[in-house]
Amino acid sequence: MMNQTVPPAVIARLKRAVGDDGWSDDSERLAPKLVEWRDRWRGNTPLLLLPRSTEEVARLVTICAESGVAITPQGGNTGLVGGQIPDGEVLLSTERLRAVRDVDPADNVMVLEAGVTLAQAHETALAVERRFPLDLASEGSATIGGVISTNAGGTAVLRYGSARGLVIGLEAVLPSGEIWNGLRRLRKDNTGYDLKQWLIGAEGTLGVVTAAALKLFPILTSRAVAFVGVESPKKAAELLQVAKSTTGEDIEAFELVSGFGMALATRHLPGLRNPLENRPPWYVLVELASARAGAAEAGLETLLGEALAQGLITDAAIAQNEAQAKAFWAIREGQSAAQKPEGPAWKHDVSVPLSRVASFLEQATVALRSRFPGVRVDAFGHMGDGNIHYDVLAPEGGDPAQHMADREAGSRLVHDLVVSLGGSISAEHGLGTMKTAEAARYKSSVEINAMRSVRAALDPGRIMNPRVLF
Ligand SMILES: Cc1cc2nc3c(=O)[nH]c(=O)nc-3n(C[C@H](O)[C@H](O)[C@H](O)COP(=O)(O)OP(=O)(O)OC[C@H]3O[C@@H](n4cnc5c(N)ncnc54)[C@H](O)[C@@H]3O)c2cc1C
């Protein structure tokens with residue numbers, strides 16, 4: 001199915017199905033959709049399809065199913081594992097599926113079409129004084145269909161869970177071209193297999209998500225943000241336990257930044273400065289939020305007092321206003337951008353049980369440095385979820401090409417360690433075309449065969465994103 005040639009007669013049928021303004025083969029129009037955010041993949045497609053409705057998506061998928069023509073679905077093109085970049089397949093973009101179908105604060109549900117961006121979803125919720133708590137740095141471009149198809153996580157998973165927990169109903173076009181209307185708004189529905197959960201995280205392999213019913217939550221007006229210094233990730237893990245016991249439900253984010261990552265952010269990102277003067281080896285960005293006035297601020301003070309008394313933190317800076325809170329977050333969210341001027345990195349998006357994060361970080365760095373002397377590790381991320389972005393840069397002044405030639409061996413070492421600690425080699429970005437083969441090394445044949453059976457049952461012609469997943 002890779003690099004297939006789509007017969008001209010099928011191209012003509014697809015064009016007719018969406019009308020003159022529903023497709024493009026103009027190279028300039030296509031260009032931004034064929035390159036991945038980090039410029040790691042460049043793709044090609046004979047045709048970009050731009051359906052305006054679920055019915056149009058269904059017509060297009062039906063034609064492809066009848067003709068055995070493969071489809072790559074694409075939302076905001078912010079995915080980091082290459083799954084949205086076509087290699088000869090027709091490219092089905094959701095950019096015109098942008099309707100807000102319903103917002104219902106009484107049921108705490110909003111129904112959005114797949115191409116609505118995450119930022120628009122946040123605004124839609126805010127307009128009825130509610131919150132949609134899926135927070136990613138890519139929110140300006142990432143779409144509802146994309147975040148659902150990758151089961152995206154982000155910075156508020158600790159409190160609200162990943163996309164999987166925020167979807168209450170789904171509408172999709174299955175690989176047969178049939179429309180499945182599962183836009184239910186039920187908090188309880190035990191009537192057999194939960195089809196929506198199959199599509200969530202399926203990375204476009206089980207159909208095209210066209211709309212979703214999403215859970216809304218109260219806006220939390222009391223917020224407090226701090227950067228604290230810790231001597232080690234072990235102390236950070238202990239701090240999280242204290243935070244959970246002293247603040248209960250109010251802990252919203254618990255993000256790790258290394259001393260090296262802080263130095264990169266303040267060196268390469270304009271306007272940012274280190275909030276802690278004593279330059280600790282590790283930092284944690286803590287955010288508390290509450291619906292009770294003043295509760296987050298008071299909770300943070302109690303937490304920091306307790307943590308200092310127990311010797312868990314070395315220092316702390318509390319954001320005094322919104323601008324400072326944003327600057328703190330910019331340090332955390334700018335970690336990837338701050339690495340770029342230092343050359344290419346081996347990127348890992350891994351998770352281990354929380355109790356093993358410190359052990360993972362220590363063991364991985366020791367093992368890597370003994371095999372690749374001088375490599376620089378920028379480990380950061382969602383410590384509260386046991387999810388670390390473990391990025392490895394070349395030694396200072398090292399050869400970037402040699403570093404990337406060593407990537408496979410280095411990543412194998414990291415992934416073997418992660419799996420030996422009971423972890424996952426892809427915590428939140430998915431497998432895409434980048435990690436599918438690697439994941440096959442670690443998953444049991446029982447699990448892979450079950451996945452293949454589900455896929456073959458729904459998509460016998462394997463037309464949906466054929467190069468992605470098993
Ligand atoms: C700066 C930055 C920060 C990020 N931070 C995070 C983070 O904190 N947590 C996290 O989890 N991810 C993060 N990501 C990754 C990315 O933003 C998310 O994976 C996002 O969910 C992708 O949404 P998208 O609309 O861009 O999807 P795309 O990139 O267009 O597609 C991603 C996958 O979903 C499929 N797909 C897209 N739309 C549909 C649809 N309607 N139906 C079926 N399949 C579909 C595609 O085929 C592809 O396999 C980040 C990315 C960037 C660039």
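Which residue of β4 is the bridge partner of Leu48? The close-ups below start there; keep in mind that this is a predicted model.

**View 1. Leu48 meets its partner in β4.** The answer is Leu91, which sits across the bridge from Leu48.

**View 2. The open sheet of 4 strands.** Reading across the sheet, the order goes β1-β2-β4-β3, and the pairing is mixed. At the edges you'll find β1 (23-24) and β3 (71-74). Each has a single partner strand, so one side of each is left without a neighbour in the sheet. Now look for helix α3 (residues 54-67), which packs on the sheet. Helix α3 touches β2, β3 and β4, and its direction makes about 165 degrees with that of β4.

**View 3. Helices α14 and α16 packed together.** Here helix α14 (residues 357-371) packs against helix α16 (residues 407-420), with the axes 10 Å apart and an angle of about 150 degrees. That angle makes the two helices, α14 and α16, roughly antiparallel. Their crossing is right-handed.

**View 4. Who touches whom between α14 and α16.** From α14, the contact is made by Phe360, Gln363, Ala364, Ala367, Leu368 and Arg371. From α16 come Ala409, Gly410, Leu413, Val414, Leu417 and Val418. What kinds of residues make up this contact of α14 with α16? They divide into 9 nonpolar, 2 polar and 1 charged.

Technical notes
Residues are numbered from 1 along each chain as its sequence is written. This is a predicted model: local features need pLDDT of at least 70, side-chain atom pairs count only at pLDDT 80 or more; totals for chains, interfaces and linings use all residues. Side-chain values use heavy atoms; hydrogens and water are left out. Two strands pair if DSSP finds at least two bridges between them. Contact means heavy atoms within 4.5 Å. Axes are lines fitted to C-alpha atoms, for helices over the stretch in contact, and angles run from 0 to 180 degrees between N-to-C directions. Angles under 35 degrees count as roughly parallel, over 145 as roughly antiparallel, 65 to 115 as roughly perpendicular and the rest as oblique. A crossing is left-handed if the near helix is turned anticlockwise from the far one by less than a right angle, and right-handed if clockwise. Ala, Val, Leu, Ile, Met, Phe, Trp, Tyr, Cys and Pro count as nonpolar, Asp, Glu, Lys and Arg as charged, and the others, Gly among them, as polar.
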